[in-house]
Amino acid sequence: MPAWWRAGGEGVALTRSSHALLGFVTALWLQFRSRRHQAPVYWFAVVMLAVFGTLAADGPPRGHVGSTVF
């Protein structure tokens with residue numbers, strides 16, 4: 001495991017954010033593709049919205065160039 005991962009540096013925060021965004025996009029894709037209500041798909045979308053929304057609201061680490069994006 002790289003030292004920057006263990007230390008919880010900027011790389012980890014950006015990696016987690018990008019994974020959350022990927023999960024959120026996947027959840028929305030599944031939700032809009034389903035023809036009928038499916039509880040697991042719905043709750044996956046709800047959970048990914050909460051996770052990605054929280055990470056986006058917290059913003060990137062201090063001093064990061066992209067902190068004004070969110």
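**Fold.** I read along the sequence of this predicted model and found that the chain follows the pattern α-α-α. My tally of the secondary structure came to 3 helices and 0 strands.

**Core.** Next I asked which residues make up the largest nonpolar core. I listed 7 residues in all, namely A20, F24, A27, A45, M48, F52 and A56. When I traced these to their helices, I saw that α2 (10–33) and α3 (39–58) each supply at least two residues of this core, and that the largest share, 4 residues, comes from α3. I took A27 for a separate look: leaving aside residues up to four places away in sequence, A27 touches F44, A45 and M48.

**Burial and surface.** I noted that buried residues make up 17% of the 70 residues in the chain. For the accessible surface I recorded a total of about 5,400 Å², of which 65% belongs to carbon and sulfur atoms.

I placed L30 in helix α2, and then asked why L30 is described as partly exposed. The relative accessible area of L30 is 34%, and because buried means under 20% and exposed means over 50%, a value in between is called partly exposed.

Definitions and conventions
Residues are numbered from 1 along each chain as its sequence is written. This is a predicted model: local features need pLDDT of at least 70, side-chain atom pairs count only at pLDDT 80 or more; totals for chains, interfaces and linings use all residues. Side-chain values use heavy atoms; hydrogens and water are left out. A nonpolar core is a set of buried Ala, Val, Leu, Ile, Met, Phe, Trp, Tyr and Cys residues joined through side-chain atoms within 4.5 Å. Buried means under 20% relative accessible area, exposed over 50%, partly exposed in between (1.4 Å probe, protein chains only). Contact means heavy atoms within 4.5 Å. Accessible areas come from the Shrake-Rupley method with a 1.4 Å probe; for residues, only the protein chains shown count as cover.
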